[in-house]
Each structure stands twice: as C-alpha cells, then as structure tokens.
Amino acid sequence: MVSVSMFSASPSSFNLSFHFGLGNDWNFRTFARPSACLSQESRNLEPSKKQDKTSGIGKTRSATKDQIVISNVRISQRESSPPLVTALKASAEQNAATFHFPGHNRGRAAPSSLTQLIGLKPFLHDLPELPELDNLFSPRGPILDAQQQAASLFGSLETWFLVGGTTCGIQAAIMATCSPGEILILPRNSHISAISAMVLSGAVPKYIIPDYNFDWDIAGGVTPSQVETAIKEVEKEGQKPAAVLVTSPTYHGICSNLSEITQLCHSRGIPVIVDEAHGAHLGFHPQMPNSAMHQGADLAVQSTHKVLCSLTQSSMLHMSGSLVDREKISRCLQTLQSTSPSYLLLASLDAARAQISENPETMFGKALQLAIETKSMIRKISGISVLDAQSFPNFPAIDPLRLTIGFQQLGLSGYEADEILYEDHEIICELVETQSITFAMNLGTCREHVQRLVSGIKHLVAASASTPAAKRKVEGGNSALFADIETSLIPRDAFFSGKRRVSIENSLGEVCGELICPYPPGIPVMVPGETITKKALDYLLDVRSKGAVISGASDPQLSSIVVCNM
C-alpha cells in the first residue's frame with residue numbers, strides 16, 4: 001500500500017539569467033552556403049477562420065532573399081541562419097545525382113495526394129544522414145552546433161535533440177538513473193512514458209499521491225514535504241532512491257516548487273528528473289515561472305513543439321550538474337530513438353531555438369497580455385469558473401498561458417461543453433475532462449480566435465440557462481482517484497507476466513495486466529501490477545460514458561480487462 005502525505009510548498013524565486021554562446025565550427029563536406037531564404041506563401045497573424053485550423057506562428061514562413069517575415073515581423077539574419085537549418089537547405093540545393101534513401105528521392109516520386117496538400121518542399125528537405133548533415137548519435141557538425149546553442153539558451157550543461165517526443169526523453173532519463181530493482185520516486189499522475197520507462201529499466205516505483213482538487217477533478221503537482229516524506233520512507237527500508245521524477249508544470253500548468261525539491265534531493269545525492277513537457281517556454285518572460293534548469297533540475301525533458309514552435313514529435317532533453325552520467329543518457333537515447341531520424345524534425349528544433357533567441361525575455365509579451373485579457377473577459381461571464389492559483393494554494397505558480405475553464409455551475413461536464421463549442425463555434429481545445437476544458441495559448445494565438453472563444457462561451461451559457469440540468473460530478477469525488485493504490489507487481493514484472501482476460505464484473509481485486517488511461521492527458525488510471533479497485537473502474541466507465549477516449553485497453557468498450565496470472 002502506498003502512503004500519502006500532503007504538505008504545502010513555499011513559492012520559488014523568479015530570477016532569470018541567460019547566457020548565449022557560439023557553437024563549434026563544423027564542416028564535414030565542403031559546400032556552398034547561400035544566404036538562407038524560404039519561399040512559401042506569406043501568412044498574417046490573423047488568417048481566415050478556415051485557414052487557421054492548421055496555422056500558427058512558426059509553422060508557415062514567407063521570404064525573399066532580403067527579408068524573412070513571420071507574421072509581418074522582421075527577423076534578423078541570426079535567426080535566418082540556424083546551423084542545422086542552413087546545412088539542410090544547402091544540402092537540398094545541391095545538383096546531385098542521388099542514389100540514397102528515402103524512396104521518394106527528394107520529392108521526385110512523392111505521393112501526389114500528399115504533395116497536393118503540403119507541396120514538394122518538405123520532400124525535398126526530407127534527407128537522410130548525409131555527411132554534411134551530421135549524425136544524431138555522434139554529432140560533430142551542425143547538429144552539435146545546434147544542440148550547443150540550445151543548451152546556451154535553455155541554461156543547460158548539455159542538450160540532446162529528440163525525434164521520439166518527450167516520451168523517449170523521459171524513458172532515457174529514467175533508464176540512465178535507475179537500474180533494475182532501484183527505486184524511483186514519482187507522482188502517481190505521471191505520464192504514461194514514466195510507466196513504460198519503469199518497464200524498460202526495471203525500476204521500482206515509490207508513488208507520491210498528488211495534491212487533488214475535487215471541485216475541478218484535477219490533480220496537481222507534488223510538494224517538497226511530500227518528496228521528503230517519500231525519501232525518508234525509502235531510507236527506513238535501508239535503501240536510497242535512485243532518482244526523483246516531478247511533473248512540472250502539469251497539463252493544467254500547475255508548477256511545483258522545484259527549487260526546494262532539488263535542494264532537498266541534492267543534499268542526499270539524489271538526481272531530479274523533471275517532466276517539463278508543457279514548460280519549454282518557462283523563464284522567457286518575467287511574469288513566467290522559472291524553468292526546471294534554472295531551479296536546479298539535473299534532467300529536464302521539454303516538448304519544444306507544444307508551446308514553442310518546432311514540429312510535432314520534436315523535443316529536447318537538457319542536463320545540468322554532475323549527478324547523472326551523460327554517457328548513459330547518450331546510450332539510452334541511441335537505444336530508444338530511430339536510427340533514421342527526421343531532419344525536418346531536427347531542423348525545426350534548431351529553428352525554434354533561433355526564433356526564441358532573438359528576444360528571449362520579450363518574445364512572449366503579446367501572448368501573455370492576450371492571455372491575461374482573455375481570462376479577465378471569461379471571469380466576467382456568469383456561471384463560468386477559471387482555474388487559478390487559489391485552487392491549488394500549495395503550489396507557487398500556474399502557467400499564465402494555460403487556460404482551464406469549469407462549467408460545473410451550468411450543470412455541464414467538460415465533454416458536453418466541448419461538444420457544443422466545437423459543433424456550434426468550431427472551437428478546438430487542448431484537453432477535455434469531466435469538469436473542465438483546457439485551452440493552450442501560445443505565440444500563434446490571435447485575437448480573433450480569443451473573441452470567438454469568449455463569444456462561444458457566452459452563447460453556451462445562454463443556451464444552458466434555457467435548459468436547466470442537475471449539477472453533475474464524477475461519482476466518488478470525495479477522495480483522490482489514486483489514494484488507495486496497492487501494488488502487487490512492479491511494472492516490468494507485470495508487463496512480462498502471463499495474462500488472461502476477465503469480465504469487468506470479475507476484475508475487482510485482480511492484478512491489472514494492461515495500462516489503461518483516458519487520453520489526453522495520458523495519465524494512467526490503471527497500471528500493470530496494481531490491484532484493480534472499484535474507484536478506478538467507476539472512474540473509467542464514467543469518463544468513457546462522457547466521451548473520453550480510453551487508450552491502452554485491449555477492449556475499448558471496457559467490458560473486459562486483461563489481468564495478470566498470480
């Protein structure tokens with residue numbers, strides 16, 4: 001049985017310090033480097049409604065040889081020439097007889113159905129690991145240069161580019177710090193990648209039950225006191241935790257006090273891994289919380305594509321300090337990542353870094369102001385709630401660019417409200433849950449879309465007033481979902497154990513054999529090795545009935561569950 005303790009955390013400081021440096025010179029194959037230019041159609045910050053379904057700053061750029069424009073903002077030559085982007089452009093422009101992969105051969109045989117959608121240029125730049133483009137697993141040229149510039153910007157000792165998303169970064173971080181049988185302290189609402197990492201590494205979980213707000217049906221982060229309690233419990237058993245994993249910020253933007261947590265862990269020689277998937281932008285404005293690196297984390301994994309502007313699936317892993325062996329990180333990443341990495345993804349990381357490097361402390365000024373205005377307008381709408389720091393008083397900050405709206409007073413679930421906003425107003429959110437909807441604001445958020453969101457919510461309120469409904473809540477909302485977890489097998493043993501299928505009626509008390517979670521947010525409700533509880537079953541059935549997609553279950557209707565043979 002996992003013990004639970006709740007303590008408050010004091011606020012962290014918000015001092016920023018950025019250091020910029022130039023990367024190493026590189027030259028694998030001699031080739032001309034013409035001035036960087038991109039030739040695509042120009043796009044304004046506020047495109048038409050139909051166009052903006054797939055648009056955003058950083059996704060489409062227009063240029064001439066003399067000018068690079070993003071949403072009518074002039075960008076200096078420094079951003080126009082990030083090292084990997086420059087190398088990729090030069091390589092694609094070579095007049096070479098090509099006899100290498102991929103099979104579309106620089107777009108010559110690209111499928112017409114896709115070129116009609118995105119054009120030929122993505123195929124032209126979809127190149128393999130040519131000598132002048134460097135090697136992701138042994139970088140000495142433009143990839144090394146790009147990673148070093150990223151490390152300088154984000155304040156890390158070393159940075160690795162990831163083409164397997166933050167998932168592979170979390171897996172590598174846990175595998176590099178936890179050997180089979182060693183203990184990993186982590187919150188029970190960790191992302192699915194942490195569970196798969198324990199299967200890969202053989203680590204033994206020591207769960208912390210996160211702070212929980214029952215009105216919102218939302219889990220928060222973990223406090224320094226909770227981490228200290230977990231460490232002491234492990235030490236009482238004569239062991240030492242191999243690492244501590246913290247998710248900060250959470251999907252809803254709730255930030256833990258990483259400064260105190262890292263100081264606490266480092267005093268015992270324990271490395272701290274931060275799942276910072278939703279926080280690549282943190283620290284780039286005085287009104288934002290500090291990043292994990294600036295609060296002393298040893299490893300931080302960021303989804304550069306979420307709030308910054310790289311392509312989907314591209315992320316970064318940052319390392320600082322000396323508690324973690326960098327060679328282990330490199331070996332784990334080589335094991336986990338593709339040997340044929342996409343250079344479009346890699347170059348997008350380089351480009352996103354260059355974009356932020358222009359004005360790192362002011363880049364998010366307009367987005368922040370728009371977020372503040374949006375929350376102010378929505379708070380004035382009767383019957384609507386906005387998640388704020390008062391909902392989670394034990395935590396120092398909430399990401400100001402994350403907007404979570406509650407519809408409890410209207411008697412609507414998040415799923416019902418989302419359906420109305422989408423069907424009637426074509427508003428697409430980031431996350432839907434039982435009591436709320438979460439919207440992600442970023443550099444591409446435009447005022448016209450904010451106005452449509454506010455207008456849509458007003459119409460939703462007016463419509464609900466004419467059709468009163470009883471206030472709905474998830475049954476069993478008087479205690480945290482994860483409060484009574486009992487682990488019978490560690491994730492690795494459960495994953496490889498013999499299994500059988502039982503009806504959901506007969507699964508209570510059995511040991512779960514599959515990883516089941518509503519997605520998003522990708523937080524497992526049932527983990528292989530845990531005893532199946534009535535609370536978990538009721539929760540899954542409830543959210544499925546409200547429209548949630550259940551990921552990982554071999555029976556998506558949840559009429560049966562795979563359990564371990566014990």
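These are my notebook entries on one predicted protein model.

**Ground rules.** I number residues from 1 along each chain as its sequence is written. As this is a predicted model, local features need pLDDT of at least 70 and side-chain atom pairs count only at pLDDT 80 or more, while totals for chains, interfaces and linings use all residues; side-chain values use heavy atoms, with hydrogens and water left out.

**Confidence.** I started with pLDDT, the predictor's confidence in each residue, from 0 to 100. The chain averages 85, and 82% of the residues score at least 70. Over residues 1-79 the pLDDT is below 50, yet I find 167 contacts (heavy atoms within 4.5 Å) for that stretch beyond near neighbours in sequence. Residues 470-478 also stay under 50, with 16 contacts beyond four places in sequence.

**Whole chain.** I looked up the secondary structure and got 16 helices and 22 strands. These are DSSP runs, numbered from the N terminus: helices are H or I with at least four residues, strands E with at least two. Of the 566 residues, 57% are buried (under 20% relative accessible area; exposed is over 50%, partly exposed in between, 1.4 Å probe, protein chains only). Among contacts with a separation of 6 or more, 73% link residues 24 or more positions apart. The accessible surface is about 24,000 Å², 51% of it on carbon and sulfur atoms (Shrake-Rupley, 1.4 Å probe; for residues, only the protein chains shown count as cover).

**Helix pair.** Next I checked α5 (residues 142-154) against α11 (residues 343-358): they pack at about 40 degrees, axes 10 Å apart. Axes are lines fitted to C-alpha atoms, for helices over the stretch in contact, and angles run from 0 to 180 degrees between N-to-C directions. The α5/α11 crossing is left-handed, meaning that the near helix is turned anticlockwise from the far one by less than a right angle. On α5 the contact uses I143, A146, Q149, A150 and L153; on α11 it uses Y343, L346, D350, R353, I356 and S357.

- F101 to P102 is a cis peptide bond, omega near -5 degrees, and P102 sits in the loop between α2 (83-92) and α3 (112-118).
- N105 lies in the loop between α2 and α3; it is not a glycine but has a positive phi of about 50 degrees.
- S248 and P249 are joined by a cis bond, omega about 0 degrees, with P249 in the loop between β9 (243-247) and β10 (254-255).
- Q313, in the loop between β12 (299-302) and β13 (315-319), has a positive phi of about 95 degrees without being a glycine. I get a relative accessible area of 43% for Q313, so I call it partly exposed.
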